[in-house]
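Q: Please walk me through one part of this structure in close detail. I would like to know what it is built from and what it touches.

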Amino acid sequence: MNRSTAALRQPLWQRWWPLAASAALIVFVGATLQLMIEGGLVSPFVISPPLEVVRSIPQLFLEENLTGLFLLTLGVTFAATAIAAIIGIPSGWFLFRYREFGNAYESWLGALFSAPIILLYPLFLVIMGRGLPAVMAMSILVGVIPIVLNTYNGLRGVPKVLPNVARSFGMPEPQIFWKVLLPAALPLIFTGVRLALIYTMINVVAMEFLISLGGLGFLVGDLYDRYELPEMYAAVLFVILASILFFSGINRLERWLTHQ
Amino acid sequence: MRRNLVSALLGVAIGIGMAAPAAAADLVRVASSQKGLWDQTMIQFGYDKGIFAKHDLELEILWTDGGADAQQAVIAGSMDIAVGTGTLGVISAWSKGAPVRIISASMTGSSDLFWYTKADSDIASFKDTGGKTVGFSRPGSSTNLIASALVADAGTDAELVPTGGISATMTQVMSDQVDVGWSAVPLGLDREAAGEIKIIATGNDAPGVKDQTVRVHIVNATFLEKNPEVVERFLEAFQETLEWAYGTDEALQMWIAMNGLELEAARAARDRGYPREAMELFPVQGIDRSLQEALDNKRLDAPLSAEQVEEMLADSVKFAESVGG
């Protein structure tokens, strides 16, 4: 019985409960804010009334090219995370395979992971120019670190008995990696990819905001400067939406790969 | 006996009277940005000199990242007054009903801004910028509007490029990523003196900019409603600060301590970038041009009527009469 069949056998309310609970929370928070603003507890010039934010969304599509900017942020984030994964997973394997390097660099990577790399953005602008390459390079750098660390730790955490059994059956080393080690380490590798996605997305939006270039981050900054507060909050909602889309996509990819 | 008792009570009363603290000065929370630039730091100079205290005002100064943040702090009510915020931003916020009022001009003209190239560049003026790149800070900013006007006036096809802040722009110019960069006095003047860069235009070279108030002082509407007399005293103190800052070298000495300039270089930078007439508090000038720019840059949804403009500037007109200058 596969997972989708099992899901179909769940009662209807159980299948829809998470979605309904999420929608109810959003409505509750929105309604509470609306009431607080209408009651004068919160200034509408600081936080826009949720209803106004929702009403401003069509204007963003019609006048601010929201579709293009949304796709740009989505595309840059996806590309940076994908490149980070392409670099990070083999690098993590390298540190696992050659333990001397793993022992030497793990603490360095850990320190770099917690460093506010975004503060280096002027340096990247100088080296790469004020454009997409600088945004991509910084985003790849912040994304690659959690993937390397989690791949390394995921592979290290695979019980030794698993590859040993495979070897006892005469399985060649490349197959042991693809058929045993990698699948066993996959959950932790995906945790790394999820973290990379978070950091990459934050970095992309922050860079767009700081250098007034590109997608949703640029739009949020521009709307703030123009004092279009409802539209600005609506644009922030689309940043959150982009994040939700990515998470949903990664969860599906992880489920698919696990089944393979 | 009775006389002694009365004398004792009188003595106690006088003692209490003398021990009671003097009436506290009125606290005004002021937001400013770009600490180190002459006009934006004027509030600190006046405060340090004790001019505001003389007017019975105690200041709490907050330094923000930019004029938009200072304006937002005033709108939110966390600060009472913001000095030197962009006129277009204020027009935008006011037109949308934000509780903010213009109380005076802060800077008229843009003599503080300048555009430069590397010293060995073949660009001598904006007329030579055909096919070149010209920097500005960020889209919609005053540097963007002025750079556009300078290029349009020169009639070239120069490409306008957002280069960010002053330091980042300087690096891009010196590393040949951008042909023409922007800066604000006094930043970069040391490089000009050292022969590393040459200035090809100032903000005032753009048509119409010289007589346009580009930055204003603003106040939270509720604060103004409750404390009109405090705001008036604030402007009187600011006016006195300006007189002192241009009448003596004391403020220049304070500025030197911040920027590490020599006295004569500092004086030249001040007179070049911030001439006294550019910092007159009254009147707010060139409002038609500002309104048009606000419309062109989507900061206004629709043109303001004459009545609305009059209402928007009413407080500054009122203070011009009471404070003068």
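Predicted model: local features only at pLDDT ≥ 70, side-chain atom pairs only at ≥ 80, totals over all residues.

A: Happy to! Residues are numbered from 1 along each chain as its sequence is written, and chains are lettered from A, and ligands numbered from 1, in the order in which they are written.

Chain B averages a pLDDT of 90, with 93% of its residues scoring at least 70.

Now to the fold of our part. Helices (H or I, at least four residues) and strands (E, at least two) are DSSP runs, numbered from the N terminus. β6(B) and β7(B) pair (DSSP finds at least two bridges between them) in the parallel sense over four bridges. One of these links B:V134 to its bridge partner B:L160 in β7(B). With helix α6 (residues 142-154) of chain B, the two strands make a right-handed β-α-β unit: with the strands pointing away from the viewer, the path from the first strand over the helix to the second runs clockwise.

Helix α7 (residues 166-174) of chain B has B:A168, B:T169, B:M170, B:Q172 and B:V173 as its buried residues (20 or more other C-beta atoms within 10 Å of its own; 12 or fewer is exposed, in between partly exposed; C-beta atoms placed from the backbone). They pack against β5 (113-118), β6 (133-136) and β8 (181-184) of chain B, and also against α6 (121-128) of chain A. Just after α7(B), B:D176 takes a positive phi of about 65°.

What does the domain touch within its own chain? Twelve residues of domain 2 of chain B are in contact (C-beta atoms, placed from the backbone, within 7 Å) with 14 residues of domain 1 of chain B. On the domain 1 side, α12 (263-273) and α13 (287-296) of chain B give two or more residues, and α12(B) gives the most, with three.

Finally, for chain B as a whole, 23 residues are in contact with 16 residues of chain A. Among the elements supplying at least two residues to that side of chain B are β7 (159-162) and α7.

Technical notes. pLDDT = per-residue confidence, 0-100. Contact = placed C-beta atoms within 7 Å.
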